[in-house]
Amino acid sequence: MASRTQRNAGLVQRKNINSSEFCDPDEQSENRQIDEDELDHDSKETRLTLMEEVLLLGLKDREGYTSFWNDCISSGLRGCILIELGLRGRIELEKAGMRRRSLLTRKIICKSDTPTGDVLLDEALKHIKETEPSESIQTWIEYLSGETWNPLKLRYQLRNVRERLAKNLVEKGVCTTEKQNFLLFDMTTHPLTDTGVKQKVIKRVQDAVLSRWTNNPQRMDKRLLALIYLAHASDVLENAFAPLSDDDYEVAMKRVRELLDLEFDVESMKEGSNEMMWAVIAAFSK
């Protein structure tokens with residue numbers, strides 16, 4: 001019971017083969033139309049990684065930096081990296097065994113070392129592949145964020161993650177780069193230039209717990225579900241809910257609490273679940 005109370009503590013107070021060959025002509029025409037629509041949609045949408053979406057929720061639109069008081073986003077972004085690698089089929093948890101060990105006691109193993117095309121993801125994947133013996137979720141979060149007490153493992157730290165992700169957002173046309181003076185030092189900032197992209201992320205999060213709420217996490221899009229959990233772990237979920245009315249805010253918070261109160265080991269055993277995703281979620285909610 002105490003652990004569940006701890007999970008919810010941050011939610012109490014509000015802040016301000018080409019199958020077309022076998023189709024008839026009509027079906028081929030319809031399929032081509034769908035493909036063209038999807039291509040057109042992808043060309044218009046800015047595709048973001050889970051890490052970029054969480055950072056975007058944390059960035060102040062005009063100032064272009066995250067809150068100085070946020071000490072959660074660093075480890076949260078490392079969790080995003082592990083989930084992203086899991087969703088892309090690059091890493092997985094070792095087998096649970098006959099006695100069904102818990103998610104947090106099982107080790108991460110490399111399933112495929114095929115490059116993802118993302119520098120941060122590939123850097124983390126390289127570390128995981130080369131590490132023997134394998135390590136657990138919690139240990140890898142500590143390694144990647146540099147919070148380990150083992151000096152021999154400091155080489156695994158992913159450095160300048162926020163800055164590198166912000167540069168990705170600049171390359172995708174979402175942010176720009178500026179220099180700001182803060183009395184004793186200059187800091188590189190990344191104000192938003194395309195607020196529409198962030199608003200779409202916010203709307204997806206809001207809709208997931210309001211108009212499109214399913215009351216069943218297994219029916220939710222895995223990436224969106226992971227975004228909600230990791231935004232909460234990174235202390236930026238409040239930014240997505242701040243524009244809501246008081247009534248909608250209360251409903252949204254109630255449903256997030258329901259998600260936080262789930263038994264993650266049980267959810268990971270359900271058909272179609274991604275164990276890596278639930279393991280990372282469990283690591284931040286213990």
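## Basis of the values

Because the model is predicted, local features need pLDDT of at least 70 and side-chain atom pairs count only at pLDDT 80 or more, whereas totals for chains, interfaces and linings use all residues. Residues are numbered from 1 along each chain as its sequence is written, and side-chain values use heavy atoms, with hydrogens and water left out.

## Helix α3

Helix α3, residues 50-58, is mostly covered, with 9 of its 9 residues buried (under 20% relative accessible area, with a 1.4 Å probe and protein chains only); helices here are DSSP runs of H or I with at least four residues, and strands are runs of E with at least two, numbered from the N terminus. Among the buried residues are E52 and E53, together with L50, M51 and G58. The buried residues of α3 pack against α4 (73-87), α5 (119-130), α7 (161-171), α8 (195-209), α9 and α10 (237-241), where contact means heavy atoms within 4.5 Å.

Strands β3 (residues 178-182) and β4 (residues 185-189) run antiparallel and are joined by 5 bridges; two strands pair if DSSP finds at least two bridges between them. E178 stands opposite T189 in β4. The hairpin has 2 residues between the strands, and L183 takes a positive phi near 60 degrees.

## Aromatic pairs

Rings of Phe, Tyr and Trp (its six-membered ring) pair if their centres lie within 6.5 Å, and planes under 30 degrees apart count as stacked, over 60 as edge-to-face and the rest as tilted; by this rule the count comes to 7 aromatic pairs. The rings of W140 and Y156 have centres 5.2 Å apart and planes at 55 degrees, so this pair is tilted. The pair links distant parts of the chain, with W140 in helix α6 (residues 137-145) and Y156 in the loop between α6 and α7, 16 residues apart. W140 counts as buried at 1% relative accessibility, as does Y156 at 3%.

The rings of Y229 and W278 have centres 5.9 Å apart and planes at 70 degrees, so the pair is edge-to-face. This pair also links distant parts of the chain, joining helix α9 to helix α13 across 49 residues, and both Y229 and W278 are buried.

## The largest cavity

About 40 Å³ of space lies in the largest cavity, a cavity being a set of points on a 1 Å grid over the protein atoms alone where a 1.4 Å probe fits but cannot get out, with lining residues having an atom within 4 Å of a point. Its volume is the space filled by probe spheres set on the points, which are joined across faces, edges and corners. The lining includes Y229, H232, L260, F284 and S285, and α9 (222-233) and α13 (275-285) each supply at least two of its residues.

Definitions and conventions:
1 Å grid on protein atoms, 1.4 Å probe; cavity = no way out; pocket = protein on both sides within 12 Å on 5 of 7 lines; lining within 4 Å. Buried < 20%, exposed > 50% of the residue type's maximum accessible area, 1.4 Å probe, protein only.
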